[in-house]
Amino acid sequence: MLEIKDLRAGFEGTEIVKGISLSVKKGEVHAIMGPNGSGKSTLAKILAGHPSYEVMSGQVTLDGKNLLEMEPEKRALEGVFMGFQYPVEIPGVNNAEFLRMAYNAKRIHEGQEELDPLDFDELLTEKMKILGMEQKYKDRSLNDGFSGGEKKKNEILQMAILEPKLGVLDETDSGLDIDALRVVANGVNKLRNENNALILITHYQRLLEYIQPDFVHVLSKGKIIKSGEKGLALELEAQGYDWLTATH
Amino acid sequence: MTTTAAESTDQAESALLDQHKQFLSETKPAGALLSLNEAAIQRFEVLKFPYRKHEMYTFVNTKDIAAAPYVFSYGASVSEDFVRKHVYADCEKSVLILVDGVYRENLSDISNASIRLLPIAEALSQPDIKSYLASTIANENDVFACINSAFLNHGLMIDVPEKAQSDSPLQILHVSTGSPAGKVTTLPRVLVRLGRMAELKLIVKYAGVQGNYFVNSVLDVLAGEDAGVQFTQIQQDDRNAWHCSKTRIALSRNSRFYASNASYGSKLTRHHYEAHLKETGAELRLNGVSVLTGAEQVHNFVRIHHEAPHCVSNQQFKNIVNDHSRSSIDGTVIVNQGAQLTVSDQLINNLMLSDNAHADNKPNLMIFADDVKCTHGATIGQINEDQLFYLKTRGLSTKVAKELLTKSFAESIIQTIAFPAVVEDLENTLLKKLEA
């Protein structure tokens, strides 16, 4: 589904991602771990199409289509979802209305008719239940005044509504207490199926206890220095990153 | 021979004085009204038309409106359809229509309003009204409001009796008929007095049938002890109009005035708010939003006087300026000596959508008491790139995302308006200006 080939990218002329190749197939969950500053979040932003980041070389395709030449909204419509580490607050934009706009943008892109507000409300109510979100968050402004946990839940809610092919979750676990983490992980697990894929970007192994990855990649200084199965995450938890990064 | 700016100002002033003599001989005001007209024209002679660098008009070019003689219009005919279009749901039986500043009883309906109406000339027989208006003229510093008083004739007083309440809001609709040719001037004047513990929901709307008019309006609100006003002013004049409105608010002990105003802009629109929190416990909220495109202008000039302890004032203004439009806010909060435990906040936010748009801001505090909590601030910015990116990653196009963000900027003020019909109207018209 997603093919990254020798991707080099950075910010204001500085190369941060220094040649990453990664292949993600349908139904797979990949965890990307690594110390702070290793380029994890940069990779996520490149995949989502953040305008401040530039691609220096390499290729990224989604089902054979060149992702790098698409605008962020096109990527979203093609099925890439980015769960932000720090979701922005947008006062004045109603959460439920925004979700409906996003949902309908996708439906129109797929040649379907828009869903009217009442039908959408039903869908939203159901998805919010999965995440244990109180209904009051429908009427609030988008992320405005939400706690850290509520913001992350709201990201997963958006993913649940938009049903992307590929979800890229950037440190969705950071700032969550253990109860919120369980709810979020549980929500993510319910969204998994054989046709979609997930990239989990995380600093800690904790999230991976709840969302079992198929593959774990360790990123350091902009490169994948080790890949393995989920056992690798446990090794990292026990020994830290030093035993790996020291040799690279 | 060319005339200098000073000479042409002098000419305009003497033309206005001549015009005033003519006005007195034609309308023959008597008693208290005559004294008021005369006191105001004398005050005008002191104030004079604003010169270019006048402190009160730093950001406003008054060249087009400081130009007597004025051609006054007192109400051409207006179609009932036009009037109905601008009357809000819930207000059909609680609406006062003033056409070019003149009250039209046949178009109005106040069967649902708990108010008493009387012409200002009659209201002036009440000693407290007479002395209040006399004092406003003695202290008047706004030359256009002063002209309104000098030529005051058709004013209206709304009396809200003690403890009166009404479920439906009262709407005052100011219709300007405009002119197909030269500019006409109108002088709407309304005074609202609330008795002790009275409550009033008040919507004031300005609308124009066609352009080429200068509406020079004054509204006084006197709130008695424990009285409360929910207020919304909607300036929706013709694009080709000039608008000056002065709103003067006097608040007694524990009274409240909550205002959320919206402006569509015009060739020149200037709102002057002068509020006096005269007695302890008074509370003022003043919110404003303007959405400007083309060459439209809206200027707000605010003076809030904290004259007693334990009063609260809160202001929030938001302006969206596109194309080569202009906005300004010149706002000062004055905390008098002895007005201890004042709480006052002022925040001005501007959203610039074009490199050619212009926003001036002058938040100001003058504090003469030592135990107060006051804040003020102003921001000027463009569309937030992080917010834009976030929305785009959810599949919204740049155009839709930008519209959503600009609307949300204005929405936070619009949502403070207490009248759903007004909110809906603004969302369907004011915010539509943001759609390219």
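This is a predicted model: local features need pLDDT of at least 70, side-chain atom pairs count only at pLDDT 80 or more; totals for chains, interfaces and linings use all residues.

Me: What's the strand order in the open sheet of chain A?

Reply: The order is 2-1-4-5, four strands with antiparallel pairing.

Me: And which strands stand at the edges?

Reply: Strand 2 (14–24) and strand 5 (65–66) of chain A; each has a single partner strand, so one side of each has no neighbour in the sheet.

Me: How many bridges between strand 1 and strand 4 of chain A?

Reply: There are 8, joining residues 2–11 to residues 53–62 in the antiparallel sense.

Me: Switching topic: how many residues does each chain bring to the contact between A and B?

Reply: Chain A gives 20 and chain B gives 15. On the chain A side, helix 2 (72–78), strand 7 (90–94) and helix 3 (95–109) each supply two or more residues.

Me: What's that side like by class?

Reply: For chain A, 14 nonpolar, 3 polar and 3 charged residues.

Me: Now chain B. At what angle do helix 2 and helix 5 pack?

Reply: About 10°, with the axes of helix 2 (31–47) and helix 5 (127–138) 9 Å apart. That angle is under 35 degrees, so the two helices of chain B count as roughly parallel.

Me: Which residues make the contact?

Reply: Helix 2 of chain B uses Ala32(B), Leu36(B), Ala39(B), Ala40(B) and Arg43(B), while helix 5 of chain B uses Lys130(B), Leu133(B), Ala134(B) and Ile137(B). By class, that's 7 nonpolar, no polar and 2 charged.

Technical notes. Residues are numbered from 1 along each chain as its sequence is written. Chains are lettered from A and ligands numbered from 1 in the order in which they are written. Two strands pair if DSSP finds at least two bridges between them. Two residues are in contact if their C-beta atoms, placed from the backbone, lie within 7 Å. Ala, Val, Leu, Ile, Met, Phe, Trp, Tyr, Cys and Pro count as nonpolar, Asp, Glu, Lys and Arg as charged, and the others, Gly among them, as polar. Axes are lines fitted to C-alpha atoms, for helices over the stretch in contact, and angles run from 0 to 180 degrees between N-to-C directions. Angles under 35 degrees count as roughly parallel, over 145 as roughly antiparallel, 65 to 115 as roughly perpendicular and the rest as oblique.
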